[in-house]
Amino acid sequence: MGTACIEKRGRLGGTCLNVGCIPSKAMLHNSIRYHETKHDLAKRGIDVGDVKLNLGNMLKFKDKSVSALTGGVEYLFKKYKVDYIKGTGSFLTPTSLSVTPLESGDPSEVHASNILIATGSTHTDFPGVEIDEKVIVSSTGALELQKVPKKMVVIGAGVIGLEMGSVWSRLGADVTVVEFLGGIGGVGIDAGTAKAFQKILSKQGIKFKLETKVLSVERTGDGAKVKVESSKGGKEEELDADVVLVSIGRRPYTEGLGLDKVGVETDSKGRIKIDSQFVTNVPSIRCIGDVTFGPMLAHKAEEEGIAAVEYVKTGHGHVNYDAIPSVIYTHPEVAWVGKTEESLKEEGVEYRVGEFPFVANSRAKTIDDTAGFVKVITDAKTDRILGIHMIGPVAGEMIAEGCLAIEYGASAEDVARTSHAHPTMSEAFKEAAMAAYDKPVNF
């Protein structure tokens with residue numbers, strides 16, 4: 001099929017590569033390296049001199065990573081003969097778009113028999129709070145701070161808030177996270193895992209105010225004041241901050257698309273309505289990713305993109321939403337896939353749980369990185385794995401085995417009887433699976 005991609009940013013890769021997943025992981029990784037060098041190397045027999053943060057170079061490293069990957073996508077476009085149109089697209093008809101060039105020139109028209117909307121998401125604004133990306137920032141601004149704030153208040157204890165809070169905490173900021181709900185981690189996280197995760201982050205110095213409502217955020221000279229109170233009512237409290245990160249979620253981005261011109265339907269949350277084959281109510285227009293239903297994850301959108309094109313080309317495609325993993329890239333990392341205990345209780349499914357702590361894992365002990373555990377949830381009658389939840393040094397890598405187990409309908413015994421290299425972190429998964437159907441060997 002002849003294919004064209006209209007992109008208004010001027011760099012390919014969307015939110016993930018430009019201002020999301022990729023730059024944040026560069027900052028997370030390098031802030032961990034800085035913190036370890038400053039606080040952890042001496043006990044490992046590595047003496048270093050005066051350790052200083054060069055934030056400018058750290059930001060340049062982040063930008064270099066972004067440029068390399070966005071450039072890589074542009075190379076792939078050329079390799080596979082995808083037309084890259086730099087500009088803003090808006091529907092004229094169900095099979096045509098008006099494109100305003102990014103730099104200059106008159107609008108042009110692009111015609112296609114199949115149009116795929118993949119415009120992603122943007123940050124959700126907090127009512128009455130103006131984000132200036134200097135003092136009151138979104139995740140985009142939090143990746144561009146030119147100095148480490150003495151005090152940072154993070155509004156929202158979801159994935160983005162915890163990751164960015166972790167970065168600046170490790171670099172020296174006093175971080176307080178304010179969350180309306182009673183737990184951290186956002187949508188889909190297992191309640192027990194969330195509680196354990198909060199304890200670990202609290203030990204690292206991050207403060208939490210849960211079940212707390214933000215009343216207002218006001219600029220005060222070079223900083224800001226955040227007024228809060230208990231979500232159950234009570235005395236107001238005022239928090240001073242040099243930087244306030246607003247991370248209360250993301251919303252579908254459809255501004256300027258002209259959906260109303262062609263009658264594409266959205267729901268009350270602005271998500272584009274689709275059927276099981278990603279088709280909107282307008283047959284020639286399909287939709288994937290953050291701008292429609294489901295978790296706002298780049299890898300989920302990637303799977304949907306492949307499936308949507310397969311539907312166009314062959315008439316069939318598939319995405320197993322039960323096998324889409326989620327990861328929080330703090331240290332330790334948190335990862336999960338499949339069902340939680342809470343969801344299974346709601347569904348009335350009998351289940352078993354097997355857990356294994358990293359403190360009993362030889363590789364984790366060897367490198368003195370033992371915080372966390374692996375938790376495997378299985379069907380009590382069939383032993384089929386229904387969910388995996390973990391906190392650990394490389395949980396984001398280890399969760400892939402859990403995705404594979406769920407995709408292929410593996411039982412806990414299947415995983416437990418599969419040899420895992422020793423010594424590796426992955427042995428904790430094997431032991432947790434053993435605990436789910438029988439008992440672990442090493443705990």
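Predicted model: local features only at pLDDT ≥ 70, side-chain atom pairs only at ≥ 80, totals over all residues.

Trainee: Which form does the peptide bond from H331 to P332 take?

Mentor: The general idea comes before the case. Most peptide bonds are trans. The bond from H331 to P332, however, is cis, and its omega is near 0°. A cis bond is also found from H422 to P423, again with omega near 0°. P423 belongs to the loop between α12 (412-416) and α13 (427-437).

Trainee: How should I read the phi angle? What is the phi of E211?

Mentor: Most residues other than glycine have a negative phi. E211 is not a glycine, yet its phi is positive, near 50°. This residue sits in the loop between β10 (207-209) and β11 (212-220). With a relative accessibility of 33%, E211 counts as partly exposed, because that class lies between 20% and 50%.

Trainee: Where does D368 lie, and what is its phi?

Mentor: D368 lies in the loop between α10 (362-366) and β20 (373-379). Its phi is positive, near 55°, and it too is a residue other than glycine. The relative accessible area of D368 is 42%, so it is partly exposed.

Trainee: How many bridges join β12 and β13?

Mentor: Two strands pair if DSSP finds at least two bridges between them. Strand β12 (residues 223-230) and strand β13 (residues 237-241) pair over 5 bridges, in the antiparallel sense. One example is K225, whose bridge partner in β13 is D240. The hairpin of these strands has 6 residues between them, and there G233 has a positive phi near 95°.

Trainee: Let us turn to the cysteines. How many disulfides does the structure hold?

Mentor: A disulfide requires two cysteine sulfur atoms within 2.5 Å. The structure holds 0 disulfides. For C287, the nearest cysteine sulfur is that of C5, 14 Å away. For C403, it is that of C21, at 16 Å.

Trainee: Are C287 and C403 buried or exposed?

Mentor: The term buried means under 20% relative accessible area. C287 has a value of 0% and is therefore buried. C403, with 13%, is buried as well.

Note on methods. Residues numbered from 1 in each chain as written. Heavy atoms only, no water. Buried < 20%, exposed > 50% of the residue type's maximum accessible area, 1.4 Å probe, protein only. Helix = DSSP H or I, 4+ residues; strand = E, 2+ residues; numbered from the N terminus.
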